[in-house]
Amino acid sequence: MLKKKAISIFFALTMIVGLALTGCSSSSSGESSEGSSGGDDVTVKLMHLWPSGSSKQHNMIVNDIAAEYEKANPGVKIEQEILSNEQYKEKLKVLSASNELPDVGMTWAAGFLDPYVKGNKFAPLDDILEGGLKDSFIAGTTEAYAVDGKTYGLPLELNISPVYYNKKIFEKYNLEVPETYEDFKNIVKTLADNGVTPITLGNKDRWTGSLWYMYLADRLGGPETLTNAINRSGTFEDPALVKAAEEIQNLVGMDAFVKGFNGLSNDEAKGPFMNEQAAMYLMGSWELPNYTTNEDVPQEFRDSVGFFKFPTVEGGKGDINSFVGGPGVGLFVSEDSEVKEEAKKFVEFFVQKWGERSVTDAGVIPATKVDTASVDLPQMYIDVLDELSNASNITLYADVQMSASVAEEHLNMIQALFGGEVKPEEFAKAHEEALASEE
């Protein structure tokens, strides 16, 4: 379980600007694997969570990298299976239980990968890092995927979670970007009073609601309070964490969120924002392509989207430059893969090519170093990079910090909290009981 200091690596974020993207060497690019199959065709099964419909640029880059690898390695076939986020997580559990994991797949850091590592499902990847690949990553990012000194995943992304907003809607109602939580609630009230959905939220997926809770916990209690409750040096019954739960229910009572939010998936909830029917959307910076480079999204809409930092709470201990975020998905190799060495070569190749392509083609912040002076980036992308550079703290997503069973309880409680099914005190107690059961 990562403690704050272990994840506040975030990661020498000032290194992002001005650092050169590490180039691919011929010895580590995968091009040297010709003949590794001994004359027999090799199929590497890749499972990922970027469908072409909801993640067009990501999907395109994966296809291009797979095709490039196949071209460089005759006899090797990359076979893809693509699922949505929640479907992916569920299938990963099923495949793990039946010892049928794909050769290469995607994982999250910390608590998410821990049971797979303990179950001997993921292969250590330190051997390919030691070949020079480690220097490609922003300092500290691979450590988020390490267990007992061994690395079991290679990160592809870094993310923070800003509040995206529609400038045209704000202008129509004479609203300005909020600096305080009171300002924010006044915006919510103004929009709701005028029949405009203030915030879209797909809380069927639950982690989406957790983002709101985490920010309120941070702004009320400071950056260490939630993480300390998870790592047991603190408690979920801390007054700031109980107050954060109260504020969630206050927002629900103000009609802050889109109707039916607890029954909407995140992909479904994007619609009201993308269709300009909702004014705000709190989500990770992986959404940047939809507001910058995705040509399927009308330019007029892309021009109308801005973002702001979650506002400070009067009397709270949080800093407006503290973010919820962290490393996004990373690649793993199955320990039981029958083509493990080829899978590792593909992962090494993928990580390096992804770093080159994700910046310019998808507006994604990679976990590898980027020379922002050498690439043509949309202004919003540059602004997010600047926020990363100036971040005072980035708290890793709560469910990622937790073990799988505690994370499930947390996510269930988040949905119950938003639905008014539990009181804030009950919310806190349920977390304490779940965490205590693993001590």
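Asp-205 sits in the loop that links strand 9 (197–199) to helix 8 (207–221). The structure is a predicted model.

**Asp-205**
- Asp-205 is buried but forms no salt bridge. The nearest side chain of opposite charge belongs to Lys-204, 6.7 Å away.
- Leaving aside residues up to four places away in sequence, Asp-205 touches Glu-86, Leu-264, Ser-265 and Asn-266.

- An open sheet of 3 strands runs in the order 7-12-14, and its pairing is mixed. Strand 7 (158–160) and strand 14 (393–396) are the edge strands, each pairing on one side only. From one strand to the next, the twist averages 40 degrees.
- Strand 12 (residues 322–327) and strand 14 run parallel and are joined by 4 bridges. Ser-322 has Asn-393 in strand 14 as its bridge partner.
- Helix 8 lies across strand 12 and strand 14, at about 130 degrees to strand 12.

**Nonpolar core**
- In soluble globular proteins, nonpolar side chains tend to be buried together.
- The largest nonpolar core here contains 142 residues. Trp-212, Tyr-213, Phe-236 and Met-280 have the most contacts inside it.
- Beyond residues up to four places away in sequence, the contacts of Tyr-213 include Leu-226, Phe-236, Ile-248, His-410 and Phe-427.

**Tyr-116**
- Tyr-116 belongs to helix 4 (residues 114–118). Tyr-116 counts as buried because its relative accessible area is 8%, and the cut-off is under 20%.
- Not counting residues up to four places away in sequence, Tyr-116 touches Leu-92, Lys-93, Ser-96, Lys-121 and Phe-122.
- Tyr-116 and Lys-93 are 23 residues apart in sequence, with 9.1 Å between their C-alpha atoms.

Note on methods: Residues are numbered from 1 along each chain as its sequence is written. This is a predicted model: local features need pLDDT of at least 70, side-chain atom pairs count only at pLDDT 80 or more; totals for chains, interfaces and linings use all residues. Side-chain values use heavy atoms; hydrogens and water are left out. A nonpolar core is a set of buried Ala, Val, Leu, Ile, Met, Phe, Trp, Tyr and Cys residues joined through side-chain atoms within 4.5 Å. Buried means under 20% relative accessible area, exposed over 50%, partly exposed in between (1.4 Å probe, protein chains only). Contact means heavy atoms within 4.5 Å. Helices (H or I, at least four residues) and strands (E, at least two) are DSSP runs, numbered from the N terminus. Lys and Arg count as positive and Asp and Glu as negative; His and the chain ends are not counted. A salt bridge is a side-chain nitrogen of Lys or Arg within 4 Å of a carboxyl oxygen of Asp or Glu. Two strands pair if DSSP finds at least two bridges between them. Axes are lines fitted to C-alpha atoms, for helices over the stretch in contact, and angles run from 0 to 180 degrees between N-to-C directions.
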